[in-house]
Number of protein chains: 2
Amino acid sequence: MTDTTASPGAPGLVVAAWQADGPLRDVPAALVALDAAAADAAAQGVRLLVCPELTLTGYDIGPYAAELAEPAGGPMAQAVAAIAAAHGLAIAWSWPERDGATVHISAELVDRDGTVLARHRKAHLYGPDEAAAYVPGDGHPVVASLDGFTVGLLVCYDIEFPEQVRLVALAGADLLVCPTALMEPYETVSSLLVRARAYENQMAIVYANRAGTENALTYCGSSCVVGADGTDLARAGDEAALVVGTVTPVALADARRANTHLADRRPEVYGGLHR
Amino acid sequence: MTDTTASPGAPGLVVAAWQADGPLRDVPAALVALDAAAADAAAQGVRLLVCPELTLTGYDIGPYAAELAEPAGGPMAQAVAAIAAAHGLAIAWSWPERDGATVHISAELVDRDGTVLARHRKAHLYGPDEAAAYVPGDGHPVVASLDGFTVGLLVCYDIEFPEQVRLVALAGADLLVCPTALMEPYETVSSLLVRARAYENQMAIVYANRAGTENALTYCGSSCVVGADGTDLARAGDEAALVVGTVTPVALADARRANTHLADRRPEVYGGLHR
């Protein structure tokens, strides 16, 4: 399970985190911004663009979540798939997902041909506002293949739990993508925890945060592309930005030669984590 | 389980990591060095001194481990207890432990009155040399009370596994102490992973490494005292050193107000970690 999925001679996967600054509850304007970001990314050779949590609605929509929510395959999903097709890249994005009477914070990975490769419902909700508006997912790890790389998908607070990230790594991920909405004063999550998750799992990570403010929230930026050895390949400041990095089979193999944590785990010892 | 054990008004616990430079396979000389370090620590008000892995024998003793090994309560343990008593502080130290035909890499926490408060056998052995010389422990988390703080105990490679550290945090630890022997080029473990373990568990950590060289190994130092918010309270360079920090109930409470990861875990999701 620690083998690199992509063969050593395979080309790298150029990935980007889109650190978006607004808008809040204006989906048409957000689609215009996403289209511009996708054009920018495509011009830089990006194959996979990762967007912030609740990409098109904005994050701080608590009381409006049910009203803004759409089922999988709804209008927002169709618009994102069209942008992916127009610019010839895959997009990992997030939206308030309606499923009958419940609403989830979901993310999906859509390829340039419109195929939805993976879908995940945020399993670790953050704080009372999220608990009031959303239902958590089941945390089952999802992975999909993209250009020979195995890509996993989590949302925001999920990545702070080493247990949840480990499940994705054990499912074979070479790369974890994570839309997020990380506010001040929690920048340490991006600069410390995200890098640790990459290092301890020998897995690259794209962590795409917001910039700017929404109501009382100020986002701390610091979106990043981190290599499987825990080093930053690219990191944003606190302004709107597109940060680009390349995940390579050689770098994955090097990290997995230097560290063998997945193989050295002792699962029989960890029963106390699952109660 | 996320409550601070010590009451907010309680005094801080002054702790130190002793970053020792040799000797290898010279227990009498190592005891002299430990005695000097304990005197230095006591003069700085230290209540708990944490020593490197295989404190008195040196780490790189592979073929000699069986010969150097002693049972719990053996001559090395008695000598360490005497040093603790002489200088009036608790000591967390490590030795090759004989138990019948098997040898473990063990650590124990001995109080200044000679009471052994906790004992742990390294559960994650590192590499083929350790696997050839030692038997791993069962990984069951051990904690003990010291001046109102709950102290947990791991050894070296154990701390690189978030699962193992989480078990100690779930057992109620305010402070994790970890003798280690971290060699180049793995300094990232101390500067990144140890800080992440503290942050994600809201638990202070003392990580005591070696300095200098043993045979072909060069240790990277970087011993540290890290607060429950993941910030360095003290960190050594790569030379022999004694680094001192204070764990306070107020800082623990602040970290646990800022982050509530232990309460927000979803144990029912984590079955895949335990197979």
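# Chat about a two-chain predicted model

Modeller: Start with B:L117, which sits in strand β5 of chain B. Strands here are DSSP runs of E, at least two residues, and helices are runs of H or I, at least four residues, both numbered from the N terminus. This is a predicted model, where local features need pLDDT of at least 70, side-chain atom pairs count only at pLDDT 80 or more, and totals for chains, interfaces and linings use all residues. Residues are numbered from 1 along each chain as its sequence is written, chains are lettered from A and ligands numbered from 1 in the order in which they are written, and side-chain values use heavy atoms, with hydrogens and water left out.

Colleague: Is B:L117 buried or partly exposed?

Modeller: Partly exposed, with a relative accessible area of 25%. Buried means under 20%, exposed means over 50%, and partly exposed is in between, with a 1.4 Å probe and protein chains only.

Colleague: How far apart are B:L117 and B:L146?

Modeller: In space, 8.4 Å, C-alpha to C-alpha. In sequence, 29 residues.

Colleague: How many salt bridges over all chains?

Modeller: The count is 32.

Colleague: Pick a couple in chain A.

Modeller: A:E214 pairs with A:R210 at 3.8 Å, N to O. A:E214 is buried, with 4% relative accessible area. A:R210 is buried as well, at 1%. Then take A:E268 and A:R266, which meet at 3.0 Å, N to O. Here A:E268 is partly exposed at 48%, while A:R266 is buried at 16%.

Colleague: Which residues are linked in a network of salt bridges?

Modeller: A:R197, A:E200, B:R197 and B:E200. That network has residues from chain A and chain B.

Colleague: Switching to surface charge. Which residues form the negative patch?

Modeller: A:D21, A:E184, A:D238 and A:E239. Patch residues have over 30% relative accessible area and no salt bridge; like charges are joined within 9 Å, and nonpolar side chains (Val, Leu, Ile, Met, Phe, Trp, Tyr) within 5 Å. Asp and Glu count as negative, Lys and Arg as positive, and His and the chain ends are not counted. A charge is placed at NZ of Lys, CZ of Arg, CG of Asp or CD of Glu. The areas come from the Shrake-Rupley method with a 1.4 Å probe, and for residues only the protein chains shown count as cover.

Colleague: Where is A:E184?

Modeller: In the loop between β8 (175–179) and α6 (188–201) of chain A. A:E184 is partly exposed, at 47% relative accessibility.

Colleague: What about the peptide bond from A:E184 to A:P185?

Modeller: That bond is cis, with omega near 5 degrees. A:P185 lies in the loop between β8 and α6 too.

Colleague: Now chain B. Which residues does a cis peptide bond join there?

Modeller: B:G22 and B:P23, with omega about -5 degrees. B:P23 is in the loop between β1 (13–19) and α1 (27–43) of chain B.

Colleague: Last topic, chain A overall. How many helices and strands?

Modeller: Chain A has 8 helices and 15 strands. Its radius of gyration is 17 Å, close to the 19 Å that the globule rule gives for 275 residues, so chain A is as compact as a globular protein of that length. The radius is taken over C-alpha atoms, and the rule is 2.2 Å times the number of residues to the power 0.38.

Colleague: What box do the C-alpha atoms of chain A fill?

Modeller: Roughly 45 × 45 × 35 Å, along the principal axes. Of the 275 residues of chain A, 59% count as buried.

Terms used
A salt bridge is a side-chain nitrogen of Lys or Arg within 4 Å of a carboxyl oxygen of Asp or Glu.
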